[in-house]
Every structure is written in C-alpha cells, then in structure tokens.
Amino acid sequence: MFTGIIQEIGKVVKYDGNTLRVSAPFKKVARGESISVDGVCLTVTTIKGRTLSFDVGKETQRITTLGSLIVGARVNLERALRVGDRLGGHWVSGHVEETGTILKIERDRQSSWYTLKMPLAIAKYVVSKGSIAINGISLTVASVRGTTMKIMIIPHALAHTTLGDKCVGDDVNMEPDILAKYALSNL
C-alpha cells in the first residue's frame, strides 16, 4: 500500500522488456520490498549499489506505461507505507487499472491544468473533488465530464514528480480511488 506522495525520482538504466533496472536514491532497500514505479507496485529482485531491479510481467507491460519505458526515462518512486506512517495522500494500491492520455496542458501562473482522457472502466470511479493516482501521484480531481477529467498540478508537484516532463499526447498510468471502487462494487 502506498500514499501517492512521491518520495524520489529514479532513472531507468536498463530495460530489456522483462527486467527493469532503475537508479534510486533510497537507502537500505531490501530484496522483496515493494516499490511504486510510476504508480505500479513492483517487487525489488536485486540490488546493486543504488540500482534496483524489478521483474515486469507481460500483463503489467500491456496495461501500464512501463512497457514503453526507455533508458534515461525518469520515473516516480515511492516506498511502501509502513504501519504508523503518515498518510499524506490517499490509499494507493499500485495496481494500475489502465492508462489515460494527456489531452491538454494549460499553464496558470506557477501551476498547470491538465486535461486527461480516461478509459470508461475508470471513469465510473472518478468524481469531482475525489482522489486519483496518476503515475503514482495522489491528485485531486478538479472536474469530470464523461471520460474527461481536469486536475490542477501545484508547483511542488511539478518540481518533485515527473508530471512536468509530460506532453500532450503522452499516456499516464491511472489508478482510481480504491475506496470508490469498493463502495461502488457493493451496489
């Protein structure tokens, strides 16, 4: 379980389609530990210095943006939540449902408004002023219209995540609020 508060930015150092290697500035990482990489919960398989290796399965490659990562790409990183940690964002499982697409980016002083197209399967869980994880980042939805949502990205999030690297047309990993999923699944 994660919070969607990005702790570090890592860099892809190697990716052969099965094993992803990321340079990560974390200290004392253990083999078998769960780490969110651009919102996808992955298990550390090997550690060499500051480079962490993860196995990436075919299904993960198919439904997330991890399948298209290239060497040098920057990725959002978050270590798993520990009992007693503060929950600054919202409950994020790291089980990305699908990807969405950035339709528009508008600068507004220091912040930015992102308009995103989301898959219909996710749209039913997304509400105005609700939570969503985009590339692992806990964000508040400003507005929703059908399968389009708008979010405002504050300067801190632009500076401390990879959202500032994204352009119109880029795909992003989306995980709807897990509490909304559970609430709607019981109806």
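This is a predicted model: local features need pLDDT of at least 70, side-chain atom pairs count only at pLDDT 80 or more; totals for chains, interfaces and linings use all residues.
Which residue forms a salt bridge with Lys-104, and how far apart are the closest N and O atoms? The partner is Glu-106, and the closest N and O atoms lie 4.0 Å apart.

**Salt bridges**

- The count of salt bridges in the model comes to six, and the pair of Glu-106 and Lys-104 is one of them.
- Glu-106 also meets Lys-150 through their side chains, in a salt bridge of 3.5 Å from N to O.
- This second pair links distant parts of the chain, since Glu-106 sits in strand β7 and Lys-150 in strand β11, 44 residues apart.
- Because these salt bridges share partners, Lys-104, Glu-106 and Lys-150 are joined into one network.
- Elsewhere, the side chains of Arg-82 and Asp-85 form a salt bridge, with 3.7 Å from N to O.
- In that pair, Arg-82 is exposed, with a relative accessible area of 61%, while Asp-85 is partly exposed at 33%.

**The largest pocket**

- The largest pocket holds about 310 Å³ of space.
- Its lining is made up of 14 residues.
- Ile-137, Ser-138, Leu-139, Ile-154 and Ala-157 are the lining residues that lie nearest the centre of the largest pocket.
- Three elements each supply at least two residues of the lining: β10 (137–145), β11 (148–153) and α3 (155–160).
- Which element gives the most to the lining of the largest pocket? That is β10, with four residues.

**A nonpolar patch on the surface**

- Met-1, Leu-87, Trp-91 and Leu-179 form a nonpolar patch on the surface.
- Together, these four residues have about 370 Å² of accessible area.
- To find Trp-91 in the structure, look in the loop between β6 (74–79) and β7 (98–108).
- Trp-91 is partly exposed, with a relative accessible area of 36%; it can belong to the patch because patch residues need over 30% relative accessible area.

**Positive phi angles**

- Most residues other than glycine have a negative phi, which makes the next two residues worth a look.
- Lys-28 is not a glycine, yet its phi is positive, at about 55°.
- The place of Lys-28 is the loop between β2 (19–23) and β3 (34–37), and the residue counts as exposed at 81% relative accessibility.
- Arg-109 is another residue other than glycine with a positive phi, in this case near 60°.
- Arg-109 belongs to the loop between β7 and β8 (111–117) and is exposed, with a relative accessible area of 83%.

**Cysteines**

- How many disulfides does the structure hold? The number is zero.
- Cys-41 counts as partly exposed, at 27% relative accessibility.
- Cys-167 also counts as partly exposed, at 45% relative accessibility.

**Glycines and distances**

- Gly-169 is found in the loop between α3 and β12 (171–176), and at 47% relative accessibility it counts as partly exposed.
- Gly-169 and Gly-100 are 69 residues apart along the chain, and their C-alpha atoms are separated by 9.6 Å.
- Gly-84 lies in the loop between β6 and β7, and it counts as exposed at 74% relative accessibility.
- From Gly-84 to Gly-164 there are 80 residues in sequence, and the two are 31 Å apart in space, C-alpha to C-alpha.

How values were computed
Residues are numbered from 1 along each chain as its sequence is written. Side-chain values use heavy atoms; hydrogens and water are left out. Patches are made of residues with over 30% relative accessible area and no salt bridge: like charges are joined within 9 Å, nonpolar side chains (Val, Leu, Ile, Met, Phe, Trp, Tyr) within 5 Å. Accessible areas come from the Shrake-Rupley method with a 1.4 Å probe; for residues, only the protein chains shown count as cover. Buried means under 20% relative accessible area, exposed over 50%, partly exposed in between (1.4 Å probe, protein chains only). A disulfide is a pair of cysteine sulfur atoms within 2.5 Å. On a 1 Å grid over the protein atoms alone, a cavity is a set of points where a 1.4 Å probe fits but cannot get out, and a pocket is an open set with protein on both sides within 12 Å along at least five of seven lines; lining residues have an atom within 4 Å of a point. Grid points are joined across faces, edges and corners, and a volume is the space filled by probe spheres set on the points.
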